There are 2 protein chains.
Amino acid sequence: MARPRSFDRDHVLHAAERQFRASGYNGTSVDDISAATGLGRGSLYGAFDGKHGVLLEAMSGYFARLGQFAPKALAGPDESALERLHAYLLRAVHGVPLAPDLPPVPDRAGAACFAAKMALEIGASDPEVKRLASECFSVVRVAVAECVRVAQRNGDIDPDADPDDLAYLLLTIIRGSDVVGAYGHSPDRLTSIAESAFALLPRPRHT
Amino acid sequence: MARPRSFDRDHVLHAAERQFRASGYNGTSVDDISAATGLGRGSLYGAFDGKHGVLLEAMSGYFARLGQFAPKALAGPDESALERLHAYLLRAVHGVPLAPDLPPVPDRAGAACFAAKMALEIGASDPEVKRLASECFSVVRVAVAECVRVAQRNGDIDPDADPDDLAYLLLTIIRGSDVVGAYGHSPDRLTSIAESAFALLPRPRHT
DNA sequence: TAGGTTTCGGACTGTTCAGTAAATAACCGT
DNA sequence: ACGGTTATTTACTGAACAGTCCGAAACCTA
């Protein structure tokens, strides 16, 4: 019996995410969000409880997307586990996939992990952001570790290697490529980094 | 024949760097800098041309420190090149050394690469910051690559490996540890990541 | 079509911001 | 000790900020 909202919640959150990515948290004003989303200030406060609420919900949405994408991309038959790891690594160093209904960002910097970027900027003083970022990292790390275990089971990775250690290392490389790749290095260089990392994975010693 | 300044320029820049690290660029006001450094607003504008000038000079100072430290830590006799690489990697994942005359930051997050942090926050819209960050990365990368070459010459690293590729990969790991390590992971985990990376370095195949 | 409910959008408020300007203080050569 | 020069401090300005509020509009049920 009441007026329904006239905007799509996810669409608004995606637009806000784009804005936060482009200008950082403290660098975007509520007016910027308003302009990017098309919503008035009142609507923003009513639906998301202000700037900080928009950020938290945008990050939650990002986490949800990541939690869907990473395990799916890494799951599959044992035989192709190593190949999936290879493909995931190559894709990840070139940036996280953004929301499908918005135009993709042109440069690598804009495709950096949203959670990492927000955590680095305000995580020190914002426990909720910090926690959300940790969860984003965990979901990737766990999925990678599981894929490593499968590859080990299939004899493609040295069974003596600790899959969790490897997953931490790979996650670190992926996050590092957000920083290194964003400023001054070409996509080819990122590909090269990913290939180097993949080539160094410990293979089983064929006796 | 004029009044000399009553503050130490480097000391002020270090204090400002600490503040920028803690709150980000857009998150620190000129009053924050003023409080952190003890200087009044007028002095800040007279000596550094305002907030942005303070940032640029602080980053330049950081770059200078890094440009001194990294090559020195990685230079030495051929026999111990691999060991130096090992030590540098272990140290780097635990954070960059801060200025010696200021108390060290307690947590890993505060010890993240200053250039990387600023570049991620405002580099997209600030070419000077972007360039300074690139230079910070380059100076480390070049020093690491040189050390890899020396280790290859000494027969400790596979001579077929591309030293520049390896240096890019190691730099990416170091930068990634700024992000991964800062939020939710223990120093032991960082050590473990560094050890894993070091263990995976391509050794010469002993025929 | 009328009433009740919720959303929408812009105007408004008090605060904080970066940057400026002017008055004051410190120094040094003479 | 004095005058010229520079550093320092403080008060000020206009703009931008986050957040609130209220009139108007849109919708559903009846």
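Axes are lines fitted to C-alpha atoms, for helices over the stretch in contact, and angles between them run from 0 to 180 degrees between N-to-C directions. The model treated in these exercises is a predicted one.

**Exercise 1.** Determine how helix H8 of chain A is oriented against helix H9 of chain B, and which residues make the contact.

*Solution.* The axes of H8(A), residues 163–182, and H9(B), residues 187–200, come within 9 Å and cross at roughly 90 degrees. Because angles of 65 to 115 degrees count as roughly perpendicular, H8(A) is roughly perpendicular to H9(B). On the side of H8(A) the contact is made by Asp165(A), Leu166(A), Tyr168(A), Leu169(A) and Thr172(A), and on the side of H9(B) by Arg189(B), Ser192(B), Ile193(B), Ser196(B) and Ala197(B). Sorted by class, these residues are five nonpolar, three polar and two charged.

**Exercise 2.** Describe the side of chain A that touches chain B, and find the element that gives the largest share of that side.

*Solution.* In the contact between the chains, 38 residues of chain A meet 38 residues of chain B. Helices H6 (114–122), H7 (127–153), H8 and H9 (187–200) of chain A each give two or more residues to this side, and the largest share, 12 residues, comes from H8(A). Its composition is 21 nonpolar, 11 polar and six charged residues.

**Exercise 3.** Work out the relative direction and the handedness of H5(A) and H9(A).

*Solution.* The axes of H5(A), residues 81–93, and H9(A) come within 9 Å and cross at roughly 150 degrees. Since angles over 145 degrees count as roughly antiparallel, H5(A) is roughly antiparallel to H9(A). The crossing is right-handed.

Conventions
Residues are numbered from 1 along each chain as its sequence is written. Chains are lettered from A and ligands numbered from 1 in the order in which they are written. This is a predicted model: local features need pLDDT of at least 70, side-chain atom pairs count only at pLDDT 80 or more; totals for chains, interfaces and linings use all residues. Helices (H or I, at least four residues) and strands (E, at least two) are DSSP runs, numbered from the N terminus. Angles under 35 degrees count as roughly parallel, over 145 as roughly antiparallel, 65 to 115 as roughly perpendicular and the rest as oblique. Two residues are in contact if their C-beta atoms, placed from the backbone, lie within 7 Å. Ala, Val, Leu, Ile, Met, Phe, Trp, Tyr, Cys and Pro count as nonpolar, Asp, Glu, Lys and Arg as charged, and the others, Gly among them, as polar. A crossing is left-handed if the near helix is turned anticlockwise from the far one by less than a right angle, and right-handed if clockwise.
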